[in-house]
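Please read the following note with the model open beside it.

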Amino acid sequence: MSRAFLVVMDSVGCGGAPDADRFFNGDVPDTGANTLLHIARACAEGRAEDGRSGPLRMPVLAGLGLNAALRTACGESAPGLDAEPQGRFGAATEVSPGKDTPSGHWELAGVPVPWDWYYFPDTQPAFPPPLVQAVCTMAGVGGTLGNCHASGTKIIADLGAEHMRTGWPICYTSADSVFQIACHEETFGEARLQKLCADLAPILHKMKVGRVISRPFVGTPEEGFTRTTNRHDYAIEPPEPTLCDWVQAAGRRVQGVGKIGDIFSMRGIDEVRKGRDAVLMDHLFDFVVEAPDGSLTFANFVEFDSLYGHRRNVSGYAAALEWFDASMGRLLPRLREGDLLLLTADHGNDPTWSGTDHTRERVPVLCYGVGTGPLGNVAFVDVAASVAAHLGVPAQGPGRSFL
């Protein structure tokens, strides 16, 4: 019985979104944003030399059709990625009214978002007084810190010492529909932080804020602060059954790697393995060996986005792409006959672009194990329909299989 591995390269967009002019970084529209193309050009021009050097090297994904997928999305080619495609390749277009992680993943899993997310204004304070009071009451504290849009690493550097002194949670948001709380794992307590976020989540979900995110950190004012891997996303549940539910309802097993359990509120998922991306790759390799016949393994590799895209670090992003490509070179030969590996992304995050937000882009779709040839421009929901068709599972969403 066939297996499927759906792997999301978080934020590796390839330009060409037809509605990019409706999405913004500050007051700059996303028209022309292209994560993959602009990184490849920067590498070819010697503008991505920090920790790596030369043209972008992705021979494995290029061999599956990555450059052909880029041309499908935006009509342009990336330097250094030319190869004769040996897989199925295309580009996918999103229709949900957001360029965020839940929107992208839900739609890839067959369920477009049917509502507009709520975004906190980029003002200070950013949060309404009743919400701040709810945080104080639930945490048993006299106030909060932050109450603004901020970079997660910068705000703990700025306010970590005051947080340790007062015990007040650091609350902040971003251009995404999120409410984030950072607290020290030892002085505030990691379990206490998780309970606070879980208790707050229903209030935020009623507002159509997509996620409450715990951001535990460790360290001292003297030595600095570092976020830990104990982050947890308390997300709104998808409004309809997703690909994960379809597969599970058919009596098959669903394994998640990375943020997948958080994104889908563990609905339709039997097991999740977490960690940093290098650890997640080990988990993915393990599932290639362990996953039972007929199963779905759904993985998200987030550090393209979280460590490099938002921080506009072109060299770091390029190095991460090259690491991922080399890892895929070791993984592909381990797949069984009949397996499908589908590589895609959930949105863009062009590190050469204005601002620090995601960018509205089409995403590549690369398939290994199901022949060769072009897929053309497809819909995000077609990914779910195609995976379901490969597994022989009834699809319930609006997508159509391209396999």
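1. Which backbone oxygen lies 2.7 Å from a polar atom of the side chain of His310? It is the backbone oxygen of Thr356. A polar contact is a pair of N or O atoms within 3.5 Å; within protein, one must be able to donate a hydrogen and the other to accept it, and residues adjacent in sequence count only if both atoms are side-chain atoms.

2. This is a predicted model, in which local features need pLDDT of at least 70 and side-chain atom pairs count only at pLDDT 80 or more, while totals for chains, interfaces and linings use all residues. Residues are numbered from 1 along each chain as its sequence is written, and side-chain values use heavy atoms, with hydrogens and water left out.

3. The unreviewed UniProt entry annotates Asp305, His310 and His358 as "binding site"; such annotations may be inferred rather than shown by experiment. Although these residues are spread over 54 residues of sequence, they cluster in space, with a largest C-alpha distance of 8.3 Å.

4. His310 is partly exposed, at 23% relative accessibility, whereas His358 is buried, at 1%. Here buried means under 20% relative accessible area, exposed over 50%, and partly exposed in between (1.4 Å probe, protein chains only). The side chain of His358 also makes a polar contact with the side chain of Asp176, at 3.4 Å.

5. Asn300 is likewise buried, with a relative accessible area of 0%. Its side chain reaches the backbone nitrogen of Val302 at 3.4 Å. Beyond its neighbours within four places in sequence, Asn300 is in contact (heavy atoms within 4.5 Å) with residues including Val8, Asp10 and His105.
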